[in-house]
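Here are my notes on the model, as numbered points. Please read them with the structure open.

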Amino acid sequence: MKKIKKLEGEGNHYSVPKLYAINSIKKQTEDEYLLRFDVPLEHEPAQFIQVSLLGHGEAPISICSFQDEYFEMSIRAVGNLTRKLCALKKGDKVGLRGPYGKGYPMESLKGNNVLVIGGGCGVAPMRSAIQYLERHRSDFGDVALYFGYRNPKEVLFAEDFNKWKKTFRVHVTVDKAPKSWKGEVGLITELLQKDSFDNTNKVAFVCGPPVMIKFVIALLKERGFNDDQIFLSHERMMKCATGMCGHCMIEGVYTCKDGPVFRYDGVKDLHG
Ligand SMILES: Cc1cc2nc3c(=O)[nH]c(=O)nc-3n(C[C@H](O)[C@H](O)[C@H](O)COP(=O)(O)OP(=O)(O)OC[C@H]3O[C@@H](n4cnc5c(N)ncnc54)[C@H](O)[C@@H]3O)c2cc1C
Ligand code: FES
């Protein structure tokens with residue numbers, strides 16, 4: 001099946017959203033919904049799409065899958081637009097343009113052991129990299145996934161864990177849990193501290209809240225990771241998503257076109 005390179009519609013020199021029907025919408029947690037579009041789209045893991053509803057605005061949302069015939073996005077209902085998007089039904093149309101930005105440079109990382117570290121809804125862009133790793137399993141070494149959530153109700157993509165456990169080492173923890181929770185309780189850094197990983201060719205992908213990123217980076221560096229072996233996803237408010245408006249720029253770095261995935265050595269000054 002031939003994949004399409006861009007989702008946008010016909011327009012002037014600005015990129016214009018094109019309407020696409022939602023092929024399925026599934027509730028994942030109290031606030032998160034998974035939207036699937038049956039469109040064969042060419043993209044890198046963790047690139048993002050500008051999603052819009054006329055009259056309600058536009059927002060960047062990460063692609064959370066890596067498949068040939070469809071793509072998915074996991075949306076957390078936090079504000080005006082995202083609440084409207086999460087209330088839509090199968091067949092409803094939304095405006096899409098993209099994919100934009102730089103995702104994980106998977107091709108150049110082949111041969112490495114990979115640590116995937118995601119916190120909360122930061123697991124969404126990671127899922128795209130994980131599906132890539134599943135499809136190219138023999139090109140990579142040991143793959144370990146570490147996911148941290150605030151509580152069991154917020155565990156995102158739990159339905160994927162059993163499948164991933166067949167191929168990768170999977171570790172899940174929650175900050176707080178009732179007695180019925182059978183898994184780990186504690187911070188994601190505690191999980192990482194307990195694990196031993198091959199210390200040779202290795203890279204780490206990190207996505208989550210800023211405080212998690214800060215402590216995870218400190219720990220990875222203690223464990224022998226160089227700055228150029230750590231990849232981070234950044235979230236900044238965006239407008240054009242194409243490097244024209246400057247809205248997402250911080251200290252000369254455009255999140256929309258230089259990121260949202262950055263190698264740590266290129267953005268370490270932004271992390272204090
Ligand atoms: C590169 C990139 C990728 C992203 N990927 C995803 C994704 O895969 N899934 C997803 O759900 N979101 C993702 N986001 C965040 C998403 O774009 C915002 O949540 C969205 O713009 C909110 O729009 P809104 O109109 O619904 O909220 P608004 O009405 O603009 O905001 C309402 C309130 O919610 C707060 N708010 C906004 N965003 C967040 C947030 N992320 N978390 C907590 N509070 C927030 C605002 O500060 C405000 O107080 C991504 C952002 C970027 C930059
Ligand atoms: S969002 Fe306009 S330059 Fe990045």
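1. Leucine 34 stands opposite serine 74 in E6. Two strands count as paired if DSSP finds at least two bridges between them. Helices (H or I, at least four residues) and strands (E, at least two) are DSSP runs, numbered from the N terminus.

2. A word on conventions. This is a predicted model, in which local features need pLDDT of at least 70 and side-chain atom pairs count only at pLDDT 80 or more, while totals for chains, interfaces and linings use all residues. Residues are numbered from 1 along each chain as its sequence is written, chains are lettered from A and ligands numbered from 1 in the order in which they are written, and side-chain values use heavy atoms, with hydrogens and water left out.

3. The pair in point 1 belongs to an open sheet of three strands. Its order is E2-E3-E6, with antiparallel pairing. Strand E2 (24-27) and E6 stand at the edges with a single partner strand each, so one side of each has no neighbour in the sheet. On average, neighbouring strands here are turned by 20° against each other, direction ignored. That angle is taken between axes, which are lines fitted to C-alpha atoms (for helices over the stretch in contact); angles run from 0 to 180 degrees between N-to-C directions.

4. How do E2 and E3 pair? They pair in the antiparallel sense, over four bridges. Serine 24 has arginine 36 in E3 as its bridge partner. The two strands form a hairpin, with four residues between them.

5. Now the ligand. Serine 74 returns here: a polar backbone atom of serine 74 is 2.8 Å from a nitrogen atom of ligand 1. One is 2.7 Å from a polar backbone atom of proline 60, and an oxygen atom of ligand 1 is 2.7 Å from a polar backbone atom of arginine 76. A polar contact is a pair of N or O atoms within 3.5 Å; within protein, one must be able to donate a hydrogen and the other to accept it, and residues adjacent in sequence count only if both atoms are side-chain atoms.

6. Taken alone, ligand 1 exposes 910 Å², and the protein buries 67% of that. Areas follow the Shrake-Rupley method with a 1.4 Å probe; for residues, only the protein chains shown count as cover. Strand E5 (57-62), strand E6 (71-76) and helix H1 (80-86) each give two or more residues to the shell around the ligand.

7. Which element gives the largest share of that shell? E5 does, with four residues. Of the 18 residues around ligand 1, Pro60, Ser62, Ser74, Arg76 and Thr82 come nearest. A residue is near a molecule or strand if one of its heavy atoms lies within 4 Å of it. The shell divides into 10 nonpolar, five polar and three charged residues. Nonpolar means Ala, Val, Leu, Ile, Met, Phe, Trp, Tyr, Cys and Pro; charged means Asp, Glu, Lys and Arg; the others, Gly among them, are polar.

8. The structure holds 18 salt bridges. The criterion is a side-chain nitrogen of Lys or Arg within 4 Å of a carboxyl oxygen of Asp or Glu. One of them joins glutamate 58 and arginine 97, with the closest N and O atoms 2.8 Å apart. Glutamate 58 lies in strand E5 and arginine 97 in strand E7 (residues 93-100), so the pair ties together parts 39 residues apart in sequence.

9. There is also an open sheet of seven strands, in the order E11-E10-E9-E8-E12-E13-E16, with mixed pairing. Strand E11 (184-185) and strand E16 (261-263) stand at the edges. Strand E8 (residues 113-119) and strand E12 (residues 202-207) pair in the parallel sense over six bridges. Valine 116 has phenylalanine 205 in E12 as its bridge partner.

10. Please check the backbone exceptions. Glycine 98 and proline 99 are joined by a cis peptide bond, omega about 0°. Proline 99 is in strand E7. Phenylalanine 157 has a positive phi, near 65°.
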